[in-house]
Amino acid sequence: MPVRLLRRLLPWLLVAASAALAMLVRYALIEPVAVAHRCNADAAARWCGLREAAVLAFTRGPDTWWSDAPGVSALGWIGAAALLAGALALLRRHPLTATLAAALGAVALVLYCFQSGALALLVGVLALARSQARPASTPANHAAG
């Protein structure tokens with residue numbers, strides 16, 4: 001595989017891998033009822049802390065800091081991180097920030113932060129596609145030719 005092709009595919013593979021990892025966390029660690037019962041037992045397994053951290057990442061967020069009411073965050077830490085990465089991708093216009101925004105957006109989308117995940121994924125994918133596009137001809141190029 002040519003290095004140039006691998007360099008173009010690597011960001012997309014990272015986005016796909018992050019989405020696959022988020023699906024593994026969701027469907028193997030968060031959603032199964034048997035896992036939830038095992039982690040709520042008195043003698044919980046050591047890996048239950050990872051499950052609890054994953055659940056807190058989408059049920060709590062910066063919007064719960066100023067609210068004393070118990071409940072689920074509308075944003076979640078994952079959603080907040082995805083939105084921050086999306087804003088950074090818009091400001092920096094760099095393939096690395098675009099890849100980060102798309103990857104975090106995919107993770108947020110899979111892990112219940114739908115709105116912020118969809119926006120970050122869209123911004124990241126568009127910024128990444130734009131960074132990989134061939135430069136368009138500009139009027140200066142036409143005048144020189």
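Predicted model: local features only at pLDDT ≥ 70, side-chain atom pairs only at ≥ 80, totals over all residues.
I'll start with the overall picture. The protein chain has seven helices and zero strands. Going along the sequence, the pattern reads α-α-α-α-α-α-α. The chain has 145 residues, and 34% of them count as buried. Now the contacts with a separation of 6 or more: 46% of those in the protein chain are between residues 24 or more positions apart.

Next, the record. UniProt, in an unreviewed entry, carries the annotation "transmembrane region" for residues 74–91 and 103–129. Take residues 103–129 in the model. That span is 89% helix and 0% strand, and its end C-alpha atoms lie 14 Å apart. As for what sits inside that stretch, helix H5 runs over 95–110 and helix H6 over 114–132, with a loop between them that holds Tyr112. I'll come back to that tyrosine.

Now the helix pair. How do H1 and H5 pack? Helix H1, residues 3–30, packs on H5 at an angle of about 20°, and the axes are 8 Å apart. Angles under 35 degrees count as roughly parallel, so H1 and H5 are roughly parallel to each other. Their crossing is right-handed. On the H1 side, the contact is made by Pro11, Leu14, Val15, Ser18, Ala19, Ala22, Met23 and Arg26. On the H5 side, the residues are Thr99, Ala102, Ala103, Ala106, Val107 and Val110.

On to the aromatic rings. The count comes to one aromatic pair. The partners are Phe58 and Tyr112, with ring centres 4.5 Å apart and planes at 40°, so the pair is tilted. Phe58 is buried, with a relative accessible area of 11%. Tyr112 is partly exposed, at 25%.

Tyr112 also comes up in the backbone. Most residues other than glycine have a negative phi. Tyr112 is not a glycine, yet its phi is positive, about 75°. Arg93 is another such case: its phi is near 50°, a positive value in a residue other than glycine. Arg93 is found in the loop between helix H4, residues 76–92, and H5. Is Arg93 buried or exposed? At 60% relative accessibility, Arg93 counts as exposed.

Leu84 lies in H4. It is exposed, with a relative accessible area of 63%, where the cut-off for exposed is over 50%. How far apart are Leu84 and Ala120 in sequence and in space? They are 36 residues apart in sequence and 8.3 Å apart in space, C-alpha to C-alpha.

To recap: the chain has seven helices and zero strands, H1 and H5 cross in a right-handed way, and the aromatic count is one pair. That is where I'll stop.

Note on methods
Residues numbered from 1 in each chain as written. Heavy atoms only, no water. Phe/Tyr/Trp six-rings, centres within 6.5 Å; stacked < 30°, edge-to-face > 60°. Helix = DSSP H or I, 4+ residues; strand = E, 2+ residues; numbered from the N terminus. Buried < 20%, exposed > 50% of the residue type's maximum accessible area, 1.4 Å probe, protein only. UniProt positions renumbered as here; feature names shortened; annotations may be inferred. Axes fitted to C-alpha atoms, helices over the stretch in contact; angles between N-to-C directions. Parallel < 35°, antiparallel > 145°, perpendicular 65-115°, else oblique. Left-handed = near helix turned anticlockwise from the far one by under 90°. Contact = heavy atoms within 4.5 Å.
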